[in-house]
Structures are given as structure tokens and as C-alpha cells.
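This report walks through a structure step by step, beginning with the overall make-up of each chain and then turning to the places where parts meet. Please keep the sequence and the 3D view at hand while reading.

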Amino acid sequence: MCGIVGLFLKDKSLEPQLGSMLSEMLISLSDRGPDSAGIAIYGAPSKNEAKITIQSARPERDFRGLDTELAKAIGTPVSIVVKSTHAVVRTTPAKIDEAREAIQALRPDIRVMGAGDVVEIYKEVGMPEAVVNRFDVRSMTGTHGIGHTRMATESAVTTMGAHPFSTGADQCLVHNGSLSNHNNVRRELVREGMKFETENDTEVAAAYLSSQMAHGKNLGEALKGTLSDLDGFFTFVVGTKNGFGVVRDPIACKPAVMAETDQYVAFGSEYRALTKLPGIDNARVWEPEPATVYFWEH
Amino acid sequence: MPATSKATRDQSHARVFDLDVMSLRELNQALHNLTPGSNETAWEVLNPKGNHSVAVGVDQPVTIDVRGSVGYYCGGMNSGSTITVHGSAGPGVGENMMSGSIIIKGDASQYAGATGRGGLLVIEGNASSRCGISMKGIDIVVRGNIGHMSAFMAQSGNLVVLGDAGDALGDSIYEARLFVRGKVGSLGADCIAKEMRPEHLELLQGLLDRAGITGVKPTEFKRYGSARTLYNFNIDNADAY
């Protein structure tokens with residue numbers, strides 16, 4: 001099964017509530033997937049800093065003193081905010097790739113959840129409510145975000161197997177369904193130089209989109225490519241730095257409902273996820289068509 | 001239509017269940033506790049908010065007005081009751097309905113009326129993919145459009161669509177009758193257009209009347225059904241397996 005949600009705000013006055021709105025949407029779909037949950041939030045951009053979200057199974061050991069050691073390694077000030085098993089590392093945008101490599105050298109057990117100018121990604125094993133509470137997602141502000149609650153079908157129930165998957169700067173993807181040609185697509189992407197952290201099919205879909213966008217396609221064009229290049233069942237919800245997209249495979253057996261008002265565009269695996277949104281009773285509510293790309297950009 | 005007017009008339013006597021206050025299980029248990037001849041004939045459900053399985057398995061001739069949108073399987077296995085959803089319905093509305101009627105004022109998600117054995121399902125908005133999949137005697141009337149793979153392996157009953165049908169309509173159909181007023185994206189395997197004979201016009205008029213639809217003539221529809229070429233194994237197709 002799995003449950004997925006997405007929320008793209010048009011009305012800036014709602015931005016302080018993004019984390020709480022998205023949290024409630026995800027919690028309402030808890031019975032679609034109790035294994036693990038995750039959320040990606042796109043916050044306010046800053047000219048002076050970019051972010052890396054990192055995770056460790058032993059945060060006390062791995063995060064202690066990392067800021068000082070990392071700043072020394074890359075020769076630039078670094079700040080680290082720890083949230084449970086995750087931490088957000090901030091430094092100047094020019095140093096972000098160097099910082100990512102230095103983190104892996106300094107702390108080999110740390111995993112990178114995602115990086116970019118604005119995105120923060122939190123995911124763990126457990127029910128959505130536990131994950132949301134652990135990372136205090138409700139207090140987060142932002143412009144858009146996506147979330148996922150997982151019922152694992154094809155790879156292990158681990159933190160790294162949870163969604164969202166991020167394979168490019170400020171890009172991430174959540175998936176309901178299962179792919180059948182992901183091993184082949186992964187081999188092709190590895191030949192292109194993409195790196196993979198898991199055996200998971202969804203990570204391949206995320207990397208496929210990152211690869212397409214790296215070749216100059218926009219989000220809509222990249223999503224369209226999934227219809228011919230990926231085989232299997234999928235409803236994807238995707239976030240980029242300023243965009244939000246949805247696509248379903250041509251069979252479209254994985255459920256999807258969307259709602260749009262002057263204030264937001266929202267996605268849920270089921271209507272249940274949308275019932276607490278402001279003005280939902282007067283929203284335009286529809287089921288996205290199969291094999292049709294929907295995307296919005298700020 | 002009759003169902004709505006009866007519910008309105010009984011409004012002051014209706015037994016009201018607010019799902020913000022009471023659990024879905026309490027609602028369904030109360031409906032299942034009804035016995036023949038009960039005078040609790042009118043029910044109203046408030047705040048369904050996309051809940052699954054609202055009013056499934058009802059087997060007494062009561063009217064149930066659901067004020068809002070429901071999730072999966074609303075009215076599943078319905079036997080004799082009249083359920084009106086004043087909103088939209090999630091996947092599998094009226095799945096395996098036996099008799100009675102279900103009216104959806106908004107849209108219905110995928111596989112509406114799947115495997116239905118009897119009764120009438122009316123969708124006043126659009127229905128999604130796989131509407132009437134494997135239907136076995138139910139009558140389905142959709143005012144809007146229906147999605148792809150509708151009436152897949154449909155065995156008997158009638159599917160009436162006032163709008164358009166998506167791709168692969170009636171794939172591998174048996175003896176269900178399909179009436180479409182608008183365009184058909186494509187026909188599925190073994191589904192063909194058929195002539196509209198007087199008995200079909202009469203049947204269709206009856207279905208439109210039961211669904212409370214006026215101003216639409218049966219002659220505006222085309223009929224589709226089985227070419228019956230898949231009924232027996234054809235040795236020339238052996239290489240395909």
C-alpha cells in the first residue's frame with residue numbers, strides 16, 4: 001500500500017503552518033503503512049547558506065564535535081542543528097559538496113538524507129506520528145513539502161529504505177507502488193555515474209528524474225519520461241527547489257486525490273488526508289488522470 | 001429521485017450518526033442490528049471525512065444520507081438499502097452490491113460497482129477507471145464520464161454513461177450491456193458496437209427513469225457488448241500462450 005502526501009503553498013501566510021499541515025495529512029494515512037515514515041520540507045531560501053541533512057544510528061557519538069572538525073576540514077564556518085537521529089548542517093553554498101565529502105571522511109557511519117539550498121529531509125522506521133514527533137516536524141515552516149508512510153514490499157525496512165528519496169540537490173520523491181525494471185534502470189544510471197545507497201526501487205525513480213533534469217529537462221519533461229522508461233505501478237509525488245509534481249502510471253491502480261484552492265495545491269493517497277486543510281469543502285477536488293503529468297512551480 | 005425525497009421527508013425522524021463523535025464501527029453495528037420491520041427507516045451520517053467502509057453490509061430497506069465525502073468501499077455488499085452520498089466516493093463504492101440503490105452526488109473513484117450482483121448505482125459526477133469491473137447484474141448509471149478499463153470482464157447487468165468512456169471499454173466482456181452517449185476512447189478485446197433494437201431503447205429508458213435522469217433520449221446512446229469470440233478456445237491462438 002503506502003500513503004503519500006504533498007502540499008504546495010500559494011499563500012505565503014500559510015507558510016508557518018506547512019509542517020503542521022503536512023504532519024496531519026501524513027498521520028491521517030498511518031494505516032496505509034506502519035513500517036516507516038518520512039517528510040521533506042522546503043524552507044525559506046538563504047543566499048548565504050546551503051544545507052545537508054545527515055543521519056546516524058549513533059547520533060551522540062557521530063554528531064559530537066562534528067561542527068568544529070568539519071569547519072576545520074573545509075576552512076569555512078559550519079553550523080549543525082541536531083534533531084534526534086538527524087542533523088542539519090549549514091555552510092556556504094560554494095562549500096556544500098566539499099562539506100558532504102568531508103562528513104563522509106570524518107564520520108563514515110553517517111548517511112546523507114539529502115542536500116540543497118532549502119530542503120530538509122527526516123525519515124525513520126516507525127509510525128508517522130512517532131516520526132513527526134521525533135523531528136518536531138509540526139514546528140517547521142516552508143513553501144512546500146512531501147511525505148510518505150511505508151508498507152514495505154520489495155526491500156528492507158530500514159531508515160535508508162524509507163521515503164522520501166533524494167538523489168539531487170533539493171530534489172526528492174515519494175512513491176506508492178512498485179517498479180519492475182528498476183535493476184536495469186539502476187545499471188544504466190550507474191554507468192552515467194549516479195550513486196545509489198540502497199537496493200530500493202524508488203531510489204531508482206528518484207535518480208532517474210535527477211539524471212533527466214541534469215540533462216536539461218524541466219520537472220514536467222522529466223516526469224513525462226517515467227511513463228516510457230519506468231515499468232511497474234507508480235504514483236509519484238516529487239519536490240524540487242521551487243516545484244511540485246505528480247504523475248501516475250497508465251494503469252493508475254495506486255490511489256490519488258488532489259485539491260486546489262487559491263491558497264494551496266494538495267495531494268493525498270486518499271481524500272482522508274485532505275479533510276483538515278483550510279477551505280477543503282470549497283476546494284476543487286479531483287483524481288489525477290493516468291499517464292498525465294501535473295506540476296506547479298513558484 | 002425517490003430516494004432523496006424520502007430521506008428529506010423523514011429528516012425530522014432520522015437517526016443521526018456524527019462520525020466526529022461516534023466511531024464508524026458503532027454506525028455499522030447499529031445498521032447491522034436492524035431487524036425486518038424496524039421503524040428506524042431513515043439514517044443520516046455526518047462528517048464521513050473520507051472514512052472507509054461507511055454503511056457496508058446493510059441488509060434492511062432503510063435510507064441512509066451521508067453528508068460529505070467517503071473513502072473506500074462505501075455501501076459495499078448493500079442489500080436493499082438506499083444510500084445517498086452528498087459528496088464524492090473513494091475506490092470500490094457499492095462493491096458487490098446485491099440490491100437497493102446507491103446515489104453519489106459527486107464523483108466516484110476507481111472500480112465503482114465492482115462485482116455488483118444487483119441494485120442500482122447512480123454516479124452524478126464522473127467515475128474513474130475500472131467502473132463496473134466484473135459486474136454481475138448491477139445497473140450503473142453515470143451522468144459524467146468513466147475512466148479506462150471500465151466493464152472489464154463484465155458478466156451481466158447494464159452500464160449507462162451519459163458522457164465519454166476511456167480506453168479499453170468492455171475488455172473481455174461477457175453479457176453485460178454498455179450504453180454510452182459520448183465518445184469511447186477505445187474498445188477492449190472482444191467488445192463491439194451493437195445495434196440498438198427496440199427492446200434496448202425500452203430497457204435504457206427504464207434505467208434513465210430509475211436514475212431520475214430527464215431530458216436525455218435513449219436514441220442518443222450507442223450500445224456495446226460482447227462479440228463472443230473469446231468464449232471458446234481457438235486453436236489458432238495457441239501460439240499466443
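## Chain A as a whole

Chain A has a secondary structure of 8 helices and 16 strands, and it should be kept in mind throughout that the model is predicted. Taken along the principal axes, the C-alpha atoms of chain A fill a box of roughly 55 × 45 × 35 Å. A compact globule with 298 residues would have a radius of gyration near 19 Å, and the 18 Å of chain A agrees with that.

## Helices 3 and 4 of chain A

Helix 3 of chain A, residues 66-74, packs against helix 4 of chain A, residues 96-106, at an angle of about 125°, and the two axes are 10 Å apart. Helix 3 of chain A and helix 4 of chain A are therefore oblique to each other, and helix 3 of chain A passes helix 4 of chain A in a right-handed crossing.

From helix 3 of chain A, the contact is made by Leu66(A), Glu69(A), Leu70(A), Ala73(A) and Ile74(A), while helix 4 of chain A brings Glu98(A), Ala99(A), Ala102(A), Ile103(A) and Leu106(A). Sorted by class, the residues of the contact between helix 3 of chain A and helix 4 of chain A comprise 8 nonpolar, no polar and 2 charged.

Helix 6 of chain A, which covers residues 182-192, crosses helix 7 of chain A at roughly 45°, and their axes come within 9 Å. That angle makes helix 6 of chain A oblique to helix 7 of chain A, and the crossing of helix 6 of chain A and helix 7 of chain A is left-handed. On the side of helix 6 of chain A, the contact is made by His182(A), Val185(A), Arg186(A), Leu189(A) and Glu192(A), and on the side of helix 7 of chain A by Asp201(A), Val204(A), Ala207(A), Tyr208(A) and Ser211(A). The residues of this contact between helix 6 of chain A and helix 7 of chain A divide into 5 nonpolar, 2 polar and 3 charged.

Helix 7 of chain A, residues 201-214, also packs with helix 8 of chain A, residues 219-229, at an angle of about 130° and with the axes 9 Å apart. Helix 7 of chain A is therefore oblique to helix 8 of chain A, and the crossing of helix 7 of chain A and helix 8 of chain A is right-handed. Here Ala205(A), Tyr208(A), Leu209(A), Gln212(A) and Met213(A) in helix 7 of chain A meet Leu219(A), Ala222(A), Gly225(A), Thr226(A) and Asp229(A) in helix 8 of chain A. By class, the contact of helix 7 of chain A with helix 8 of chain A has 6 nonpolar, 3 polar and 1 charged residues.

Chain B contains 3 helices and 11 strands, which follow the pattern α-β-α-β-β-β-β-β-β-β-β-β-α-β along the sequence. The radius of gyration of chain B is 18 Å, close to the 18 Å that the globule rule gives for 241 residues, so chain B is as compact as a globular protein of that length. Along its principal axes, the C-alpha trace of chain B spans about 60 × 40 × 30 Å.

An unreviewed UniProt entry carries the annotation "domain: Glutamate synthase alpha subunit C-terminal" for residues 59-187 of chain B. In the model, residues 59-187 of chain B are 0% helix and 30% strand, and their end C-alpha atoms lie 36 Å apart.

Where the two chains touch, the contact takes 9 residues from chain A and 11 residues from chain B. The side of chain A that touches chain B has 5 nonpolar, 1 polar and 3 charged residues.

Note on methods. Residues numbered from 1 in each chain as written. Chains lettered and ligands numbered in written order. Predicted model: local features only at pLDDT ≥ 70, side-chain atom pairs only at ≥ 80, totals over all residues. Axes fitted to C-alpha atoms, helices over the stretch in contact; angles between N-to-C directions. Helix = DSSP H or I, 4+ residues; strand = E, 2+ residues; numbered from the N terminus. Parallel < 35°, antiparallel > 145°, perpendicular 65-115°, else oblique. Left-handed = near helix turned anticlockwise from the far one by under 90°. Contact = placed C-beta atoms within 7 Å. Nonpolar A, V, L, I, M, F, W, Y, C, P; charged D, E, K, R; others polar. UniProt positions renumbered as here; feature names shortened; annotations may be inferred. Rg over C-alpha atoms; globule rule 2.2 N^0.38 Å.
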